Amino acid sequence: MNPIISISKLTKTYASGLQALKAVDLEIRVGEIFALLGPNGAGKTTLISTVCGIVTPSSGTVSVGGHDIARDFRAARRLIGLVPQELHTDMFETVWSTVAFSRGLFGLAPDAAHLERVLRDLSLWERRKDRIMHLSGGMKRRVLIAKALAHEPRVLFLDEPTAGVDVELRQDMWALVRRLRETGVTVILTTHYIEEAEEMADRIGVINHGELIVVEEKARLMRQLGQKQLIVHLQDPMTEVPPALAEWKLSLGAQGTELEFTFNSAEDDDARIPRLLRRMHELGIGFRDLQTRQSSLEDIFVSLVRRPRVQPAAARAQA
Amino acid sequence: MSAALPPSGFNARGVAAIYRFEMARFLRTLWQSLATPVLTTALYLLVFGAAIGSRMSQIDGVSYGAFIVPGLIMLTILTESLNNASFGIYMPKFTGTIYEILSAPVSAFEIVLGYVGAAATKSVVLGLVILATASLLVPIEIRHPLPMLAFLVLVSVSFSLFGFILGVWANSFERLQFVPMLIITPLTFLGGAFYSIDMLPGEWRTVSLFNPVFYLISGFRWTFHGTAEVGVWISLATTLLFALVCLALVAWIFRTGYRLKS
C-alpha cells in the first residue's frame with residue numbers, strides 16, 4: 001500500500017543558522033498511529049509544521065496522499081488536520097463559529113450534522129455557544145481538536161496533545177484517537193510522554209538533533225532494544241557470585257540476597273535462563289522467587305538520545 | 001468520515017470564511033466602529049465648517065463646510081483602512097491562530113482577498129455613513145456619483161492592502177499604530193483635507209505636490225465639486241500606482257514568507 005505521507009531528504013535550516021531537520025526520510029502508512037518522540041528542540045514541531053505548510057523547507061520533498069505539498073498544496077492540505085502544541089484560539093469567537101470557520105477555510109460546504117458529531121465526541125456540544133475565552137485550558141484544547149476535525153481530514157497531526165492536560169482529558173483523547181483510527185484516519189502525534197507512545201502507537205520514530213535516529217514498529221523496537229532482567233531471590237545470601245556462574249555475568253544485589261541477570265530478549269539464546277537455573281540447582285543454590293522486568297520504552301528512549309552523536313568529518317578534522 | 005473534496009482551484013469558501021470572520025469582528029464592535037468616525041466628522045464640520053467656515057469665503061464656488069467633506073471622508077478612510085487591515089492580519093500573528101490560515105488550502109491571493117476585502121468593505125461603509133452624516137449638516141452636491149463611489153472603493157482597497165503589509169511587518173502594537181498615527185494622519189492634514197493648496201504660499205505648494213495623499217484628496221474632491229487642484233487623471237494614476245506598489249509588496253511577502261513563515 002502506498003504511504004499516506006512520504007518525506008524525502010527533508011532539510012530545514014532556520015535564518016539563525018539552526019539546522020532543525022537534517023535530510024529526514026520518513027514514510028507514514030495509511031491508518032497507522034505514528035508517535036514521534038524526541039527531547040525539546042529535537043525537530044518534532046519543525047517536521048510537523050513543514051508537512052502542514054507553516055514552515056518552508058530548505059530542501060527535500062514531502063507528499064501527502066500522493067500530492068506534493070508545494071506544487072499541489074491545496075489537495076495535500078485538504079487531507080491534513082493540525083492540532084498545534086500551543087493553545088492558539090480566537091478568544092472572542094464562540095465554539096461553534098470557530099469550528100464552522102475552520103470547515104469553510106478548508107473549502108468545504110457547511111455541514112451542521114458533522115460539526116455536531118465532532119463537538120459531541122469532544123464533549124463540547126453543551127458549550128457550543130460559549131466564547132472560547134470562557135473555557136478552561138482543557139476545553140480549549142478540545143476546541144483545537146474540533147477545529148482540526150471540522151474538515152474531515154484523513155491525516156491528523158497532534159503536536160504534544162496531552163501536554164499539561166488532566167488524566168480524564170488524556171484518557172478521552174486516547175479514546176478519540178483510537179476511534180479516528182477505526183475510521184481510517186492516520187494519526188501522527190508528537191509527545192514527551194513515553195507512556196503515551198507506548199499505549200497508543202503502532203510505530204515509533206525517535207528524532208534528536210534534527211535526525212531520525214530510529215523508525216520501528218513499537219513492539220519490534222521494544223523487542224530489539226529492550227533489556228530484560230531476571231532477578232532471583234536467594235534463600236541464603238551470598239558474598240560473591242560463584243565463579244561457576246561467570247558465563248551469565250550476574251550481579252549481586254540487596255545485600256547479597258538477589259542475583260540479577262540482565263539479557264537482551266532479541267539477541268540472547270532463549271535457553272540461557274533454563275541453563276542458569278539448572279546450573280544453580282546443581283550448585284545447590286536455592287531460591288525463593290523469580291522476577292522478570294522488561295525495560296520500558298522510556299528506558300529505550302533515554303538510551304537512544306544519550307548515545308554519543310557521530311561527529312561530521314569536518315568537525316572531527318578541526319578538533 | 002469522508003468528505004467529497006471540492007475540485008482544486010479557487011477556494012471561494014475559504015475566502016468567504018476569512019471575510020465573514022473579519023466582518024463579524026467589525027459587527028461585534030459596530031457601535032464603536034461607526035460612532036467614533038461619525039462623531040469625529042460631526043465635530044470637524046461643527047468646528048471647521050460652522051464656526052470657522054462662516055468667516056471664510058467660498059472655495060472654488062463651494063461653501064467651506066461642503067469643501068472639506070471629501071477630505072474628511074478621506075481622513076477616515078485612510079486611517080480606518082490601515083487600522084482594520086493591519087489589525088486583521090496582526091491579531092492572528094499575535095495570538096498564534098495564523099497557523100490555521102497558513103496550513104489551510106488557501107492561496108496567498110485568497111488570503112489577501114479575504115482580509116483586504118473585509119477591511120475595504122468596512123471602509124466603504126464608513127465612508128458612506130460619514131457622507132450621510134455630513135449631508136445632514138452641510139449642503140452637499142456630488143457631481144460625479146459613480147466615479148465618487150469608484151474612487152472610494154479604489155482608495156479603500158489600496159490602503160487596506162497597505163494596512164495588510166503593515167500588519168505583517170509589525171511585531172508590536174506600537175509599530176501597528178506608528179504608520180497611521182505618525183505618517184498618514186499628518187500627510188492627510190497636510191494634503192489639503194481642510195484647505196486648497198492654492199491657498200498656500202508658493203514653496204509650500206510645491207512641497208504639497210510630493211505628498212501622495214494630496215492626489216487622493218484632490219481626485220476625490222473632483223468627484224464632488226467637479227474642480228480640483230490637479231487633473232483627475234493624475235490623481236487616478238497616483239492611486240493606481242500606489243495600489244500596484246502595495247500589490248507587488250504583498251506578492252513579495254507571500255513569495256518569501258516574510259514575517260509569516262519561518
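View 1. Strands count as paired if DSSP finds at least two bridges between them. Look for Leu234(A), which stands opposite Phe287(A) in strand 14 of chain A. The open sheet has four strands in the order 12-13-11-14 (chain A), with antiparallel pairing. Its edges are strand 12 (251–253) and strand 14 (287–294) of chain A, each of which pairs on one side only. On average, neighbouring strands of this sheet are turned by 25° against each other, direction ignored. Helix 9 (residues 272–282) of chain A lies across strand 11, strand 13 (258–264) and strand 14 of chain A, and runs at about 155° to strand 13 of chain A. Axes are lines fitted to C-alpha atoms, for helices over the stretch in contact (heavy atoms within 4.5 Å), and angles run from 0 to 180 degrees between N-to-C directions.

**A note on the model.** This is a predicted model, in which local features need pLDDT of at least 70 and side-chain atom pairs count only at pLDDT 80 or more, while totals for chains, interfaces and linings use all residues; side-chain values use heavy atoms, without hydrogens or water. Residues are numbered from 1 along each chain as its sequence is written, with chains lettered from A and ligands numbered from 1 in the order in which they are written. The predictor gives the complex an ipTM of 0.87 and a pTM of 0.83.

**View 2. Strand 1 (residues 5–13) of chain A has antiparallel partners in strand 2 (residues 19–28) and strand 4 (residues 59–64) of chain A.** Six bridges link strand 1 to strand 2 of chain A, and five link strand 1 to strand 4 of chain A. Ser6(A) is a handy landmark: Glu27(A) stands opposite in strand 2 of chain A, and Ser63(A) is the bridge partner in strand 4 of chain A. Strands 1 and 2 of chain A form a hairpin with five residues between them, and Gly17(A) in the turn has a positive phi of about 100°.

**View 3. Ala23(A) has a positive phi of about 45°, and Glu152(A) has one of about 55°.** Most residues other than glycine have a negative phi. Ala23(A) lies in strand 2 of chain A and counts as partly exposed, at 42% relative accessibility. Glu152(A) sits in the loop between helix 5 (137–149) and strand 7 (155–159) of chain A and is buried, with a relative accessible area of 8%. Buried means under 20% relative accessible area, exposed over 50% and partly exposed in between (1.4 Å probe, protein chains only).

**View 4. Helix 3 (residues 64–95) of chain B has 32 residues and a kink of about 30° centred on Pro70(B).** The bend at a residue is the angle between axes fitted to the seven residues ending there and the seven starting there. Of the 32 residues in helix 3 of chain B, 25 are buried. Gly96(B), which follows the helix, has a positive phi near 95°.

Methods: Helices (H or I, at least four residues) and strands (E, at least two) are DSSP runs, numbered from the N terminus. The expected span of a helix is 1.5 Å times one less than its number of residues.
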